[in-house]
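Reader: I would like to learn how to read a few features of a protein model. Can we go through them one by one?

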Amino acid sequence: MDRIYLIFARFAFLLLLPGGVAAQEGRFTVSGKITDAATGLALAGANVSLPGGTRGRVADARGFYSIDLPRGRHALLFSHVGYAGERLEVDVTGARRLDVALVPRAGELEGVTVSAGGRLVERPGMSVERLSATAIKRVPALMGEVDVIKAIQLLPGVQSTAEGTSGFSVRGGSHDQNLILLDDATVYSASHLMGFFSVFNNDAVKDIILYKGDMPATFGGRLSSLLEIRTREGNDRRLSATGGIGLISSRLAVEGPLAGERASFLVAGRRTYADLFLALSGDKDLRGTALHFYDLNARVDYRAGERDRLFVAGYVGRDKFANKNAGMAFGNRAISLRWNHVFPRGVLASVALFGSAYDYYIGSEISKQLTQDWKSGMSDAGVKADVTWAARPGVSLKFGYAGVHHRFSPGEGGGIGEEALLERVKYPAERAFEQAAYAAGEINAGNLALKIGIRYSLFHNIANGEEVKYLQDHAYHHSTRPARGTWYHAYGHLEPRLGLAYLFNEVNSVKASYTRAVQHVQVASNSAAGSPLDVWFHSSPNVKPQRGDQLAAGYFRSLAGDAYELSVEVYYRAARDVIDFKDHASLLGNENLEEEVRAGKGRAAGMEWMIRKNNGLLTGWASYTYSRSRRKAAGINDGAWYRSPHDKPHVITLVANHDFSTAWKFSANWIYATGQPVTYPTGRFLVEGRYVPTYSGRNEFRFPDYHRLDLSATRVLSRPGARVTSELNFSLYNAYGRKNPWSIYFRQEKEQPDLSYAEQVYLFGIVPSISWNFTF
């Protein structure tokens with residue numbers, strides 16, 4: 001740890017050298033925002049540079065840039081993929097604001113972009129992927145529903161946790177080890193229709209960034225990855241709408257200016273309507289069935305002045321399934337409020353308030369004795385504030401604070417009515433406070449770029465006035481009763497982050513990174529894929545936080561004038577106190593859940609190859625990932641190492657998009673993956689007339705290998721440049737009808753009870769769909 005402090009000391013010393021910040025007389029900051037001239041939307045990742053290829057700046061997620069220049073007249077070049085470049089002459093006599101609006105290139109065919117801002121070869125960060133809303137839209141979709149999560153599952157190092165689900169695994173981690181943020185607010189369950197679709201409406205999404213490693217010090221709380229999803233600003237130039245009608249759902253987004261052009265709004269909604277068709281059924285039982293989900297996104301942006309921007313964004317979504325005997329409902333809510341202020345000399349301050357909540361309900365009414373329900377949920381409320389400072393050309397600093405209050409409702413329910421067989425129970429709510437302070441810096445010095453960050457996280461348990469039990473050998477040993485509202489237990493951890501990039505020339509570079517992360521909140525689930533009924537629980541005196549260290553290195557090359565990009569990355573992750581559960585654990589509604597936990601070690605390693613084509617009529621990428629992921633915990637698999645649920649050694653992904661003309665666009669993707677690890681029964685014995693199975697080692701077997709081809713064709717119905725546009729999209733999910741296993745059951749032969757057979761369940765055959773999309 002002393003070495004880490006020494007690195008930071010040297011870093012701070014570098015900033016104070018002669019010619020550093022304190023001695024820079026005659027230099028001034030030029031800053032501003034880069035936007036789309038047609039819509040007013042911010043252009044994240046736009047480039048600002050000086051003529052002659054001098055290393056410049058990349059606009060941040062909100063389109064802001066800042067660059068220090070000496071006194072005098074300078075030319076600045078502004079550029080972004082898909083836009084005409086702009087060259088502006090600037091007289092620098094003091095700090096000044098310079099906003100720039102770039103014009104989209106007329107008639108440019110839209111291609112898939114997975115760039116994370118700037119050239120891949122030059123960026124100091126690695127293990128980072130970005131997908132724009134346009135790129136996501138081009139991916140062939142299940143039942144015509146464009147899906148953010150399904151799109152990222154096509155990236156190297158990312159795998160679906162199971163067929164048809166919105167859960168995903170990054171570099172061998174569990175689905176709950178991914179931090180999913182929607183405009184600063186955490187999304188705890190990102191699925192609709194039991195995981196077939198995600199909760200993110202692509203009409204409201206601006207872009208997404210996935211950090212598979214090299215996570216910025218500004219974020220923490222998960223071991224594997226960060227998925228940052230940003231909603232887009234509304235059009236501040238004119239009122240417009242976009243939407244679509246598909247086989248299972250329809251959607252509509254409306255946006256436009258407010259208060260002249262100082263503010264804008266965006267409202268986007270989506271709803272399925274399977275239940276509307278069920279109401280027409282001749283079966284009266286089906287007529288009373290409810291089966292739908294809905295989403296509603298809203299956002300308002302306001303420019304309070306030249307230096308101040310404010311936005312508020314909200315989301316609400318819910319699923320409902322119900323018939324005359326049973327029902328289920330679950331949903332998310334999220335809200336974010338952010339203020340950005342630009343100070344002189346390249347200082348940007350940002351303050352965000354956010355909150356989120358998730359809850360579910362299940363119930364049944366079979367008879368008076370078997371009428372019961374169960375509900376559970378959790379909520380967050382937090383604040384985040386940070387300052388970014390362009391200290392000098394090639395040097396930027398960022399520091400800040402984040403805090404969030406967690407409230408967990410483990411469960412409430414049971415029998416309903418006097419004749420019910422089950423007793424009603426209500427477990428007390430549990431609370432915790434998680435906070436962190438962080439500082440980060442980035443230095444670009446010629447061909448060498450350095451990123452360095454430090455994060456100190458604290459997690460506090462807050463007493464609810466109930467008894468606090470302490471475990472010994474997985475059984476409760478003694479207890480205390482701290483006063484309600486007191487912070488009775490805490491964990492504190494230092495999380496260093498380090499990134500290094502060396503540019504050999506304009507087309508070759510190597511990079512390396514190190515990330516330490518700590519996770520205090522996790523899921524209790526018997527399913528590797530996750531489900532809406534997952535139980536979230538937190539660190540406590542009995543459950544230590546999960547801790548992980550990841551090392552990664554890579555080689556990056558640009559080919560044919562940046563038309564192609566090649567990357568090869570290797571990584572190794574070691575984790576401690578990784579959460580798993582004993583065999584046949586009881587999780588749902590278990591008051592003594594911590595007794596079921598078995599914490600241990602984890603390790604994952606792999607190599608990811610990727611080549612992508614960025615422009616032209618044919619765009620896309622091809623990737624191959626080789627990886628292994630293992631775990632070891634006392635009380636599981638006799639204490640020996642075993643495959644993690646997401647150990648899939650071989651994954652191949654091919655994604656292609658071809659624009660044959662301005663009227664026809666085609667897309668295809670094919671994926672192959674080694675079968676998911678699974679535990680099978682290997683024998684059985686007879687006990688008092690009943691057969692009792694015996695099982696293999698944990699995850700000793702595998703499902704059959706997974707592979708699938710998806711196709712999509714889009715027919716543009718309007719002429720280029722038309723005010724009102726529309727298109728028809730035809731998609732084919734699982735085009736050759738591969739029966740990929742969703743689960744495998746073992747059943748007993750009726751005529752020969754001493755024999756059993758395996759039965760495979762699959763979800764999808766060939767799934768065709770059609771949707772009509774429009775903009776006006």
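Reader: Which residue is the bridge partner of V205 in β17?

Author: The partner is T231. This is a predicted model, where local features need pLDDT of at least 70, side-chain atom pairs count only at pLDDT 80 or more, and totals for chains, interfaces and linings use all residues. Residues are numbered from 1 along each chain as its sequence is written, and side-chain values use heavy atoms, with hydrogens and water left out.

Reader: What counts as a strand, and what makes two of them pair?

Author: Strands (E, at least two residues) and helices (H or I, at least four) are DSSP runs, numbered from the N terminus. Two strands pair if DSSP finds at least two bridges between them. Here β16 and strand β17 (residues 225–231) run antiparallel, joined by 6 bridges.

Reader: How many bridges join β9 to β16?

Author: There are 5, and strand β9 (residues 128–132) runs antiparallel to β16. Across this pairing, E129 stands opposite L210 in β16.

Reader: How many residues of β16 are buried?

Author: Buried means under 20% relative accessible area, exposed over 50%, and partly exposed in between (1.4 Å probe, protein chains only). Strand β16 (residues 205–211) is mostly covered, with 7 of its 7 residues buried.

Reader: How do I read a pair of aromatic rings?

Author: Such a pair is described by the distance of the centres and the angle of the planes. Rings of Phe, Tyr and Trp (its six-membered ring) pair if their centres lie within 6.5 Å; planes under 30 degrees apart are stacked, over 60 edge-to-face, the rest tilted. This rule gives 17 aromatic pairs. One of them is Y680 with F701, a tilted pair at 5.4 Å centre to centre and 35° between the planes.

Reader: Why does that pair tie together separate parts of the sequence?

Author: Y680 lies in the loop between β43 (677–678) and β44 (681–687), and F701 in strand β46 (residues 701–702), so the parts joined are 21 residues apart in sequence. Y680 counts as buried at 13% relative accessibility. F701 counts as partly exposed at 33%.

Reader: Why is the pair of Y733 and F764 edge-to-face?

Author: Their ring centres are 5.5 Å apart and their planes stand at 80°, so the pair is edge-to-face. Y733 is in strand β48 (residues 725–733) and F764 in the loop between β50 (756–762) and β51 (767–775), so the pair ties together parts 31 residues apart in sequence. Both Y733 and F764 are buried.

Reader: Which residues do ring pairs link into a cluster?

Author: F660, W664 and F666.
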